[in-house]
Amino acid sequence: SAAPMMQRLFPPVPLIEQVHHTPMLLFGVLECSLAAAFLALWRAAPDYRIFRILGIFYALVGIEQFLQYFGGVTPTYSLRAITVAVLVETAGEAMQVPRRGWTRLFWPLYLFVSIAAWFPSMAFANELPVLFSEVALAILIIQGFRRGSRRDRMIATAFSAHCVVRLCLSTSLQRWTGIKNYVTIGGWQWQYTTITLTSLGTVTLAIFVRDLIRDRAEKQRLAAELAASRAVQQVLIPEETPAIPGFMIRSVYEPFGEVGGDFFQILPLSAGGVLIAIGDVSGKGMPAAMMVSLLVGTLHALVETTTSPGQLLVGLNRLVQGRSHGGFTTCLILRVEPDGVVIFANAGHISPYRKGIELECENGLPLGLVAGTAYAEAS
């Protein structure tokens, strides 16, 4: 029946011993609370996978504490084999150690001991998962320190403290040194490993919450910049094609994802005809959008004095000098006369096509690279 089986798994524990082990119950509650906190953060930020694995790890640790408190030696060893495996994966994920797939080579051993713990004749294997996980943890910690990131070194330090305490107080060393793995205060036995493990959870929780706050603040800043860039871009790109007698003009503008520096302008000329400018500013986001606004404004001003595509490009090139911050701008300007004659000049942009055939013209340098550049016209 179920009752004798439960008595074999959880032999009755004397009351005085349960009193001594009260801290196990307290730490079990604390670690389950840490697990709930990590899992709640993972639910709020699914892209932070570390919260999920930390939540699973501390849930296992909390259950292990409850099993120890109620005297379940066999279930404790079985669960511990899985817990230390998850601890290694947690350390690798927390310190963002690359190429850590080798840690999973130990999983068959962990699973074997998890099953073997239920057979008294296999009791010699109970400590193997802890010893093997110590080796894996030590390698991951060294890699964490070598990564150079202050955040990773802080996490590596926290894992180092727990690793050293757990190693020094392992069952084998306890038998050899006689040192106990707990300190007794007021009749309660406080285990060093449990204290360091709970401290580790608190430290990592603080570090990752700080990272999450910074990450979300940065994403909000980028989203605001993107929205502002899109607003600027929508103002600069003509919403409607102007109606010009004798011409039928169509335009298509489809930005891909982020805000880019592509732009075009369609300007009717007072003497008849139309001036068309097509360009692309290197870069994305608000800097590109602001450069486009500068170019479009300057183009409108220059058209008041000249409609020569070559001269317009010279004026735009003069404007861009010193303002491109290492970038450049390509631009193609075409003037289409009422009688159908097209005069155009090109500053590094894609050549225009007529009936599917590329029109030949001298392709000048992009704007902003060399001062005093002249741009040849073709017709």
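Predicted model: local features only at pLDDT ≥ 70, side-chain atom pairs only at ≥ 80, totals over all residues.

User: Why is Arg335 called buried?

Analyst: The relative accessible area of Arg335 is 13%. Buried means under 20%, exposed over 50%, and partly exposed in between (1.4 Å probe, protein chains only). Arg335 therefore counts as buried.

User: How many salt bridges are there in the structure, and what does the one between Asp47 and Arg216 tie together?

Analyst: The structure holds eleven salt bridges. In one of them, the side chains of Asp47 and Arg216 meet at 2.8 Å, N to O. Asp47 lies in the loop between helix 3 and helix 4, and Arg216 in helix 10 (residues 192-236), so the pair ties together parts that are 169 residues apart in sequence. Helices here are DSSP runs (H or I, at least four residues), as strands are (E, at least two), numbered from the N terminus.

User: What does the salt bridge between Arg80 and Glu64 tie together?

Analyst: The side chains of Arg80 and Glu64 meet at 2.8 Å, N to O. Arg80 lies in helix 5 (residues 73-94) and Glu64 in helix 4, so parts 16 residues apart in sequence are tied together. Glu64 has a relative accessible area of 8%, and so it is buried. Elsewhere, salt bridges that share partners join Asp47, Asp215, Arg216 and Lys219 into one network.

User: How do you know whether helix 3 is roughly parallel or antiparallel to helix 4?

Analyst: Helix 3 (residues 22-44) and helix 4 (residues 49-69) pack at an angle of about 160°, with their axes 7 Å apart. That makes helix 3 roughly antiparallel to helix 4, because angles over 145 degrees count as roughly antiparallel, under 35 as roughly parallel, 65 to 115 as roughly perpendicular and the rest as oblique. The axes are lines fitted to C-alpha atoms, for helices over the stretch in contact, and angles run from 0 to 180 degrees between N-to-C directions.

User: What draws attention to the phi of Gln96?

Analyst: Phi of Gln96 is near 55°, a positive value in a residue other than glycine. Most residues other than glycine have a negative phi. Gln96 is in the loop between helix 5 and helix 6, and at 43% relative accessibility it counts as partly exposed.

User: Where is Lys355 found, and why is it called exposed?

Analyst: Lys355 is found in the loop between strand 7 (353-354) and strand 8 (357-358). Its relative accessible area is 84%, so Lys355 is exposed. Phi of Lys355 is also near 55°.

Methods. Residues numbered from 1 in each chain as written. Heavy atoms only, no water. Salt bridge = Lys/Arg side-chain N within 4 Å of Asp/Glu carboxyl O.
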